[in-house]
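The sequence and the structure are shown first.

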Amino acid sequence: MAPYAFLHRSHLMMHSVNNTVISGAAIVQIQVTMNTYPCQLIFGRCQPASLLCVIAGETTTMENKMYQQATTRNTRLWAGLTGMLISLLLISMVQANDDTCLAGAQPLLSVADFSGDGLVNNRDLMLLGRVIKNNRYVAFFDRNADGHINARDLNLANQDLGKSSSAMDQDIAEVYWGTTRYRSLGQAALDGYEAATQVVAGHGRHWMEADLLKASAYPNSPEPSMPEGLNYDEEGRLQAVFWGQPTAYPAGSLPPPQIFSQPQMWHGHDNACITNYGLIKHVEYTENINPALCDLISGESGTFHMLHLWLYRLNPAGAFAMEHPCAGE
Ligand SMILES: [Ca+2]
Ligand SMILES: [Ca+2]
């Protein structure tokens with residue numbers, strides 16, 4: 001009897017065989033002496049002298065049983081992975097199609113200058129084409145504000161060829177390219193954003209970058225492409241960005257900063273108090289709390305101006321509205 005073991009790339013990428021590490025993507029055939037290196041069925045981890053194997057040729061009952069187990073478990077594994085992929089695909093589709101809160105929403109840009117260089121040209125059509133090809137919904141590219149990215153948007157963008165964009169369009173494009181990586185909440189966390197509120201009606205959950213907020217304190221001003229905060233829904237989908245400027249109490253005593261080419265919808269938050277800052281399951285935001293009292297409960301207190309831009313979920317109330325009518329539900 002000359003049993004053979006097959007290591008397949010769909011199983012494990014590395015095995016230890018006879019104390020020799022084997023790695024690679026090709027199917028590898030290894031002759032083993034069963035008496036010396038018994039074939040062990042171990043999923044998910046590599047151990048010295050162990051193999052995930054299919055026995056060829058003459059086999060024993062035990063070896064057949066191991067093969068069947070391997071086949072069954074492998075099938076379950078792939079079924080599970082396939083199910084996960086289908087679920088992710090469905091979630092992606094739902095993101096594109098389940099927003100029932102679009103009535104009255106307008107496109108974020110007045111013309112299709114996605115690059116923000118001041119002119120609509122083929123480069124912009126290519127940027128939109130890439131989004132269509134990837135079959136992902138990105139509100140920034142939704143030219144008819146219908147919750148889908150498709151050929152209709154491309155047709156509308158094509159009609160804008162040669163047009164100049166407004167200063168506001170260019171500002172919004174700058175913010176988009178500065179923050180699009182934060183569609184990944186994990187990336188935002190890596191870059192220092194932390195949970196600053198519970199899920200709030202009209203807002204979702206605020207995540208804030210404390211160093212940016214500190215740097216933007218009056219009389220300094222926020223940097224447009226580096227917003228101090230991000231709004232995510234309960235599923236961790238990015239909906240908006242926001243800028244904050246710590247200021248004197250009450251917020252209305254000093255004018256808000258002007259970081260864009262036109263006045264926007266800044267609003268004030270007086271004597272805010274955040275407890276358990278950064279702890280997503282326990283963080284709690286309240287306002288109009290005496291700072292001394294906030295300090296007693298180990299909270300972070302402050303008064304600040306805030307401006308939202310609903311850049312990742314179109315807002316029927318306006319791109320810079322204080323709240324989204326359906327956020328946080
Ligand atoms: Ca352009
Ligand atoms: Ca569309």
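## Overall composition

Helices and strands are here DSSP runs, of at least four residues for helices and at least two for strands, numbered from the N terminus. The model is predicted, and its chain has 7 helices and 11 strands.

Of the 329 residues in the chain, 29% are buried. Among contacts with a separation of 6 or more, 61% are between residues 24 or more positions apart.

## The largest nonpolar core

The largest nonpolar core holds 49 residues, and the members that touch the most other members are W207, L230, L309 and L311. Two or more residues are given to this core by each of helix 4 (167–179), strand 5 (193–200), strand 6 (204–209), strand 7 (229–232), strand 8 (238–246), strand 9 (267–275) and strand 11 (300–309). Strand 8 supplies the largest share of the core, with 5 residues. Because domain 2 (101–165) and domain 3 (179–309) both give residues to this core, the core lies between them. As a general background, nonpolar side chains in soluble globular proteins tend to be buried together.

When its neighbours within four places in sequence are left aside, L311 is in contact with L108, A139, F140, V175, Y176, A240 and V241.

## Packing of helix 2 and helix 3

Two packed helices are described by the angle between their axes and the distance between the axes. For helix 2 (residues 122–134) and helix 3 (residues 151–159), the angle is about 175 degrees and the axes are 10 Å apart. Helix 2 is therefore roughly antiparallel to helix 3, since angles over 145 degrees count as roughly antiparallel.

On the side of helix 2, the contact is made by D124, L125, L128, G129 and I132, whereas helix 3 contributes D153, L154, A157 and N158. Sorted by class, this contact of helix 2 with helix 3 comprises 5 nonpolar, 2 polar and 2 charged residues.

Not counting residues up to four places away in sequence, H308 touches A240, F242, F320, A321 and M322. The C-alpha atoms of H308 and E323 are separated by 8.0 Å, and these two residues are 15 residues apart along the chain.

Notes
Residues are numbered from 1 along each chain as its sequence is written. Chains are lettered from A and ligands numbered from 1 in the order in which they are written. This is a predicted model: local features need pLDDT of at least 70, side-chain atom pairs count only at pLDDT 80 or more; totals for chains, interfaces and linings use all residues. A residue is buried if 20 or more other C-beta atoms lie within 10 Å of its own, exposed if 12 or fewer, and partly exposed in between; C-beta atoms are placed from the backbone. Two residues are in contact if their C-beta atoms, placed from the backbone, lie within 7 Å. A nonpolar core is a set of buried Ala, Val, Leu, Ile, Met, Phe, Trp, Tyr and Cys residues joined through C-beta atoms within 7 Å. Domain bounds come from an automatic or database domain assignment. Axes are lines fitted to C-alpha atoms, for helices over the stretch in contact, and angles run from 0 to 180 degrees between N-to-C directions. Angles under 35 degrees count as roughly parallel, over 145 as roughly antiparallel, 65 to 115 as roughly perpendicular and the rest as oblique. Ala, Val, Leu, Ile, Met, Phe, Trp, Tyr, Cys and Pro count as nonpolar, Asp, Glu, Lys and Arg as charged, and the others, Gly among them, as polar.
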